[in-house]
Amino acid sequence: MSARGFGSVLSAGAVVGAALGFYLVSLRVASERASLEEVETRIAMTQRDIRLLQTEIGTRGRLAQLERWNVRFIRLSAPNADQFVDGGFQLATLVAPQQKPAIEAPVVLASAPVADQATQPTLTGDADVPDASSHASRPVSEMMHVASYSLPEKPAAAKPTESRPITVSTAKPMKAAAATKPVKSATADPLSPLPGTKAKAKGTAPAASAAGISSKPQPKDSVTD
Amino acid sequence: MNAPTPALVARPERLRLVGQRRQILALMHQRLMFGMLVYGGIIAIIALRLIYLAAFGDHAGRKGGEIDLTPERGDIVDRDGQALARTIDAWTIGLQPSKVIGNRLDLARKMAELMPEKDAAAYLAMLRSNHSFYYLRRRAPPGLVSAINALGEPGLALEREPDRLYPQTSLAAHVVGFTDVDGKGNAGIERAFDEQLRDPARRGQPIVLSISSRIQQALEHELNEAMTHFSAIGAAGVIMDIHSGEILAMTSLPQLNPNAAGQGTPEARFNRATLGVYELGSTFKPFTVAMAMDSGVVKSMGQMYPCPDALHAFGHTITDTHPFGRACSVSEIMMRSSNIGTAQIAAQLGKPRQEAFLRKMGFLDKVNVELMERGRTLTPGSRWGPFETMTVGFGHAIAVTPLHLATGYATLFNGGIYRPATLLKVGRDHPAGKGHRVFTEETSYKMRALLRLVVTNGTGKKADAPGYRIGGKTGTAEKIVGGRYTSAAVVTSFAGVFPMDEPRYVIVVMLDDPKATAETYGFHTAGWNVAPVVSKTVSRIAPMLGVRPDMNREPNMAEVLPFVQEKAEQ
């Protein structure tokens, strides 16, 4: 009797528990769904804001405005046909440095007098003999020159050394004169040259004003009056 | 109910009583059961409904509809997706005089301070009137809205309402069009696609135009500069892809700001590119030569025609601006833009063939494009005689829109196939229009060198952009003023194609009534005022369009150069 009575109570409790469990699951699902929807709403709101901001940026940076700035300040212009290159090779030719002799390994030509070479006995003693002979006649640096397209002009090379003092000497008086002049003018500027020119101007002014220049100041005076 | 019967066992009264009670009891049980069933049913229905709602229903916090991002009216974007027209929520400031509670005079003064378009007296009159509602400002700036809000007056209503905004302002204004206050399309694409833009099912997707903003801007800027420089009253320009018929840029000047379209003059609202028809003069000559070549009238670029200083025909005299005074070849006729030579070619071609060709090119009907603002072309009509055939040959007595001309040049240089122009981007959703053949491919090929010659040696030298191989034809047509042609007012135009060795794009520009200036030596012909616009515009847009400049490429000039006797002086 008693077991049967409890049995029904237990079964009723089980049913209630199951129903409650189901309800809790459903509640959980609903709350998850709600939070998902909230996220969706926020996404939509953000998208709306993005759209608004994009519209604003687009309006502020409209092409007509950019064009106006370009015409006034930036001044960019369309590239010319010459500014387009065919490929990497043509681009490289544009940035290639100026042709000049390689510094590390220059092609060095020796230009010792023929007579000296004839006296040299053999090639075996090369290292010692030329040194001795060249030292005797002239320094090595003078006999060697770097190969280049331009012809080395020996007399021209000799001349500058002679002419340098001359140019220096001519330059010096110029500099001296230039140096003295400012001193003079600095002291004399406010006094001597200007009064002279002013006097000249004053002397010529009446003639010029008679010719019609004076008509300009007059209206100005009348305006200020 | 039962008739009293003689009882044998029990007293009939008692029996009857027992029977009645039982019957009443049964009835009561029945009624009770019925009531319980009704209650149970109702409770079951409620419970079922609750279970259903818990399982499938919406919860209380759901915000339905508000987060819908579909705009009130569809967007219009250019081919790169840049917005040309958008609907945004704008603040509207309204006034409801009956709801005002504060001091009206003070309020009127404050309103006049914030919104100075009306004075305090006008605001006071509005506050004291019996109207229920006034619009004070539409599309109010946020600063003003917050200032109005700070007044704290319930009579001032702040509302958000959808508003059409054109972020690029006047860019492509005549293509995009504009809407009226109620958001209904009034011009351009806004008008032509009004239904689609309003349809809730379709307005989520923007309308993608074939227009490219950057190209449009380059064309508008250069054309506007020329228009102000030469004091022209108007200008129009079209740039088109000759193979697909897509219009990459189309403009009509003076400019119009669609954000305040109501403030624009009728002159500014007029679309010169599709609605205005003009006699476009010498730009027609290539068509005449191509028709003649297609019909076998002109067999070679070296075919000779007598070109006297003046040609008398049917009681009229045709003259040239650069007279030859000798026999000249077809190449020279085109290079020096000779009316006399072209008139003779047209006369040989004859009216029926000329009309048939023009019809196939769509020059006798309204221009075929999506816009509703399309002008009717003017033709000689019933008076189309032999002399009119001659004048139509060199572009007089026939008036078409600049877009007609662009379509015509596209037809001539894309291999000879007419394709209707389109303002929608050609792609999967919108295939290119169905075309039909007008000229043979050979004619189309031969015309390349001829038009390149005009730019290298002829009247269009100033249109050349180094490396871009522009070919084209200048046109200077006298305007009719008071019923007579006058040389004082002209319409100058240039129709060009580039790159000429493999044509891809056509550009048509037109200036309405440009004036001569000092640096044009008193000339107001097309070679002096519109040709430089083409040169500048093409050198800007060609790199964007993927046309690489190349100084070493040219069309096959051997087709025409042997038939040119001398270099043109100008």
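The contact between the two chains draws on 25 residues of chain A and 30 residues of chain B. The model is predicted. About 2500 Å² is buried between chain A and chain B, and carbon and sulfur atoms give 55% of that area. On the chain A side, the residues that lose the most area to chain B are A:R51, A:L63 and A:E67, which together account for 24% of what that side buries.

Two salt bridges are found across the interface of chain A and chain B. A:E67 takes part in a salt bridge with B:R540, with a distance of 3.0 Å from N to O.

Over all chains, the structure holds 28 salt bridges. Within chain B, the side chains of B:R73 and B:E190 form a salt bridge at 2.9 Å, N to O. B:R73 is placed in the loop between α1 (12-56) and β1 (76-77) of chain B, and B:E190 in helix α6 (residues 188-192) of chain B, so this pair ties together parts that lie 117 residues apart in sequence.

## Helix pairs of chain B

| Helix pair in chain B | Angle between axes | Distance between axes |
|---|---|---|
| α8 (residues 213-229) and α18 (residues 531-544) | about 165° | 9 Å |
| α10 (residues 285-294) and α16 (residues 441-457) | about 140° | 10 Å |
| α13 (residues 351-360) and α14 (residues 386-393) | about 45° | 10 Å |

Helices α8(B) and α18(B) pack at an angle of about 165°, which means that α8(B) is roughly antiparallel to α18(B). Their crossing is right-handed.

For α10(B) and α16(B), the angle is about 140°, which makes α10(B) oblique to α16(B). This pair has a right-handed crossing. The residues B:P286, B:V289, B:A290, B:M293 and B:D294 of α10(B) meet B:T443, B:K446, B:M447, B:L450 and B:L451 of α16(B). Seven nonpolar, one polar and two charged residues make up the contact of α10(B) with α16(B).

Helices α13(B) and α14(B) have their axes 10 Å apart and an angle of about 45°, so α13(B) is oblique to α14(B). The crossing of α13(B) and α14(B) is left-handed. B:K351, B:Q354 and B:L358 of α13(B) make the contact with B:T389, B:V392 and B:G393 of α14(B). The residues of this contact divide into two nonpolar, three polar and one charged.

## Backbone features in loops

Two cis peptide bonds of chain B are described here together with the positions of their prolines. One joins B:L253 and B:P254, with omega about 5°. B:P254 sits in the loop between β7 (247-253) and α9 (266-269) of chain B. Another joins B:F498 and B:P499, where omega is about -15°. The loop between β17 (484-498) and β18 (505-512) of chain B contains B:P499.

In chain A, A:R75 has a positive phi of about 55°, although this residue is not a glycine. The position of A:R75 is in the loop between α2 (63-74) and α3 (88-95) of chain A.

Note on methods. Residues numbered from 1 in each chain as written. Chains lettered and ligands numbered in written order. Predicted model: local features only at pLDDT ≥ 70, side-chain atom pairs only at ≥ 80, totals over all residues. Heavy atoms only, no water. Axes fitted to C-alpha atoms, helices over the stretch in contact; angles between N-to-C directions. Helix = DSSP H or I, 4+ residues; strand = E, 2+ residues; numbered from the N terminus. Parallel < 35°, antiparallel > 145°, perpendicular 65-115°, else oblique. Left-handed = near helix turned anticlockwise from the far one by under 90°. Contact = heavy atoms within 4.5 Å. Nonpolar A, V, L, I, M, F, W, Y, C, P; charged D, E, K, R; others polar. Buried area = accessible area lost by both parts, 1.4 Å probe. Salt bridge = Lys/Arg side-chain N within 4 Å of Asp/Glu carboxyl O.
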